[in-house]
Amino acid sequence: MTIKPISEISTFLEKIAQPMGIEIVDVEWNDRSAALTVFIETEGGVDLDTCEKFHNAVMEPIDELDPTFDKPYTLNISSPGLDRPFKTERDFERNLGKDVEIKLFAPLKGKKFLEGALIAFDENSVTVNIGEELKLPRNKIAKINKAIRFD
């Protein structure tokens with residue numbers, strides 16, 4: 001099925017989300033199930049009520065945008081999840097100073113998995129403190145996400 005560009009849909013939704021204190025983290029289209037999934041975040045986290053509130057706010061406006069050119073689709077609103085990989089610069093900004101988990105494509109000093117505080121990043125590298133400061137090229141990182149702690 002042909003849909004409008006994800007960037008156009010995301011920009012449209014951001015105009016609704018921003019005044020609500022909601023950030024659009026990602027928008028994905030699943031062609032097989034004809035589902036548009038919008039991942040949202042807020043400063044205090046996302047719960048079912050937040051998802052429902054945003055869903056209700058965007059239902060009519062997104063139908064007017066007509067992302068699927070009059071074809072039926074399912075609109076899903078979701079939290080990004082605890083272990084979602086960082087995709088945007090905003091993901092890195094939001095997690096500066098926090099513990100992150102990093103999976104590497106190839107071992108570094110015998111390890112493919114690192115955990116430490118994210119202390120800096122730029123378009124080419126990520127710097128973490130794992131007991132020592134370590135600057136990693138982004139193209140060596142398979143996945144980076146917020147460290148999950150169960151205390």
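Buried residues are those under 20% relative accessible area, exposed residues are over 50%, and partly exposed residues fall in between (1.4 Å probe, protein chains only). The model is predicted: local features need pLDDT of at least 70, side-chain atom pairs count only at pLDDT 80 or more, and totals for chains, interfaces and linings use all residues. Residues are numbered from 1 along each chain as its sequence is written, and side-chain values use heavy atoms, with hydrogens and water left out. Helices (H or I, at least four residues) and strands (E, at least two) are DSSP runs, numbered from the N terminus.

Strand 2 spans residues 35–41. Seven of its seven residues are buried, so the strand is largely enclosed by the rest of the structure. In a regular strand, side chains alternate between the two faces of the sheet. In strand 2, Ala 35, Thr 37, Phe 39 and Glu 41 point one way, while Leu 36, Val 38 and Ile 40 point the other way.

Two strands pair if DSSP finds at least two bridges between them. Strand 1 (residues 23–30) pairs with strand 2 in the antiparallel sense, over seven bridges. Trp 29 has Leu 36 of strand 2 as its bridge partner. Four residues lie between the strands of this hairpin, where Ala 34 takes a positive phi near 50 degrees. Strand 3 (residues 74–78) pairs with strand 2 in the parallel sense, over five bridges. Here the bridge partner of Phe 39 is Ser 78.

Strand 2, helix 2 (residues 48–65) and strand 3 form a right-handed β-α-β unit. Right-handed means that, with the strands pointing away from the viewer, the path from the first strand over the helix to the second runs clockwise.

Helix 2 has 18 residues. A kink of about 40 degrees lies at Met 59, shortly before Pro 61. This bend is the angle between axes fitted to the seven residues ending at a residue and the seven starting there. Just after helix 2, Asp 66 takes a positive phi of about 55 degrees.

The buried residues of helix 2 are Thr 50, Cys 51, Phe 54, Val 58, Ile 62 and Leu 65. They pack against helix 1 (6–17), strand 1, strand 2 and strand 3, with contact meaning heavy atoms within 4.5 Å.

Note on methods:
The expected span of a helix is 1.5 Å times one less than its number of residues.
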